[in-house]
Amino acid sequence: MNHQFRLASRPEGLPNRSAWNYTEEPVGEPRDGEVLVKVLYISLDPAMRGWMKEGRSYIPPVGIGEVMRALGAGRIIASKFPGLAVGDFVSGVFGVQEYAIVPGKAANKINAPATELPVHIGGLGMPGLTAYFGLLEVGRPEAGDTVVVSGAAGAVGSIVGQVAKIKGCTVVGIAGGAEKCKYLAEIGFDAAIDYKAEDVLAALRRHCTKGINVYFDNVGGEILDAALANLALKARVVICGAISQYNNTTPIKGPSNYLSLLVNRASMTGMVVTDYLPRAAEAVTVMAQWRKDGKLKTREHLVDGLETFPETLLMLFSGQNKGKLIIKVAGD
Ligand SMILES: NC(=O)c1ccc[n+]([C@@H]2O[C@H](COP(=O)([O-])OP(=O)(O)OC[C@H]3O[C@@H](n4cnc5c(N)ncnc54)[C@H](OP(=O)(O)O)[C@@H]3O)[C@@H](O)[C@H]2O)c1
């Protein structure tokens with residue numbers, strides 16, 4: 001049998017259990033060109049909150065009654081696609097369920113042992129690509145620049161900061177709590193600001209005496225405003241996400257300090273990782289080598305059991321996740 005979480009309703013605010021239906025159905029048979037994947041790991045991403053909402057976005061919303069969309073990694077257990085064989089590990093959009101049937105061309109083969117699968121949906125997967133291309137292509141840091149990243153201890157933010165260090169920048173991370181700030185020091189950040197305990201505006205002034213050249217925003221809200229107030233001339237602001245706003249029951253509040261872009265001849269640019277998927281292999285090769293050389297650390301936060309999905313998803317919004325949040329569905 002295949003167990004699944006389906007979207008039951010479009011929640012207002014934080015999604016609780018009533019947003020979901022836990023369902024069961026027999027595992028299907030792949031047709032020509034398809035593969036049957038046993039899902040081993042499910043990636044939990046802040047974007048999932050956006051996919052639950054009606055309205056225009058970069059991807060259609062998940063329909064009511066549909067299996068919740070999710071990235072994941074798993075093992076092929078039946079194949080009618082010539083490029084993939086039983087036993088191959090793959091990643092793809094498999095949904096919040098135990099088994100997925102997908103077109104073979106939509107499953108990406110992972111040439112790594114089973115123990116490495118979480119890294120391939122984390123630091124070397126979608127969040128890693130977001131960090132790599134968002135920083136290097138949109139942020140365009142130069143050696144000597146001051147780079148500030150919010151959500152800094154998370155899946156995307158921790159990679160952004162480390163890549164900026166590799167490129168010779170001074171890196172300041174903003175995260176919630178002393179433990180996360182300590183982790184930022186361990187992975188080489190020059191400074192960390194605990195937004196739950198400090199005045200972010202004052203701390204940015206203290207740490208970025210020449211202003212911020214690149215601000216990589218994962219959280220939006222007041223932290224974005226504080227960064228805008230500290231921009232250097234010709235700064236680049238990368239709008240990657242705005243997690244502080246995703247569960248709003250009132251309209252999203254835009255930044256009030258936006259005229260800093262005018263004063264500083266700065267730019268603010270949105271990015272979506274899917275635009276860079278044709279270049280994924282290039283980034284994964286570079287980042288895997290950095291990881292092998294000990295220059296890039298990844299951290300995964302695994303939670304056991306598909307049935308924990310509704311509560312585990314909420315960890316992203318309370319900040320309980322330490323690193324890339326993943327549900328371990330099965331061992332092999
Ligand atoms: N544009 C794209 O293509 C793309 C792709 C992937 C991800 N993203 C975005 O990147 C961001 C980070 O995603 P991720 O997967 O790396 O998640 P993550 O950082 O691993 O986890 C989310 C973190 O957000 C922080 N957070 C939650 N509520 C917050 C609030 N109200 N104010 C400030 N921080 C808050 C928490 O950290 P603290 O404990 O530090 O608060 C939490 O641990 C999200 O905004 C996501 O939507 C965008």
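**Ligand shell and salt bridges**

Reader: At what distance does an oxygen atom of the ligand lie from a polar backbone atom of A155?
Author: In this predicted model, the pair to look at is an oxygen atom of the ligand and a polar backbone atom of A155. A polar contact requires N or O atoms within 3.5 Å. The distance from the ligand oxygen to A155 is 2.9 Å.

Reader: How many of the residues in the shell around the ligand are nonpolar?
Author: The ligand is surrounded by 26 residues, and the closest are K180, Y195, Y246, V273 and N321. At least two residues of this shell come from each of the helices α3 (126-139), α4 (155-166) and α10 (309-318). Sorted by class, the shell has 1 charged residue and 9 polar ones, while the number of nonpolar residues is 16.

Reader: Is N218 buried or exposed?
Author: N218 belongs to the loop between β11 (212-217) and α7 (221-228). Leaving aside neighbours within four places in sequence, N218 has contacts that include V149, S150, G151, C240 and I243. The relative accessibility of N218 is 12%, and because the limit for this class is under 20%, N218 counts as buried.

Reader: How many residues apart in the chain are K324 and D45?
Author: Side chains of opposite charge can pair when their charged atoms come close. Among the 14 salt bridges found in the whole structure, one joins K324 to D45, with the closest N and O atoms 2.9 Å apart. K324 sits in strand β15 (residues 324-328) and D45 in the loop between β3 (34-43) and α1 (47-51), so that this pair links distant parts of the chain, with a separation of 279 residues. Both partners are buried, and the separation asked for is 279 residues.

Reader: What relative accessible area does D190 have?
Author: D190 and K165 meet through their side chains in a salt bridge of 2.9 Å, N to O. D190 lies in the loop between α5 (178-186) and β10 (191-194) and K165 in helix α4, so this pair ties together parts that are 25 residues apart in sequence. K165 is partly exposed at 29%, and D190, which is also partly exposed, has a relative accessible area of 45%.

Reader: How far apart in space are H3 and E98, C-alpha to C-alpha?
Author: H3 has its place in strand β1 (residues 2-7). The side chain of H3 makes a polar contact of 2.8 Å with the side chain of E24, and another of 2.8 Å with the side chain of E98. Although H3 and E98 are 95 residues apart in sequence, their distance in space, C-alpha to C-alpha, is 5.8 Å.

Terms used
Residues numbered from 1 in each chain as written. Predicted model: local features only at pLDDT ≥ 70, side-chain atom pairs only at ≥ 80, totals over all residues. Heavy atoms only, no water. Near = heavy atom within 4 Å. Polar contact = N/O pair within 3.5 Å; in protein donor to acceptor, adjacent residues only side chain to side chain. Helix = DSSP H or I, 4+ residues; strand = E, 2+ residues; numbered from the N terminus. Nonpolar A, V, L, I, M, F, W, Y, C, P; charged D, E, K, R; others polar. Buried < 20%, exposed > 50% of the residue type's maximum accessible area, 1.4 Å probe, protein only. Contact = heavy atoms within 4.5 Å. Salt bridge = Lys/Arg side-chain N within 4 Å of Asp/Glu carboxyl O.
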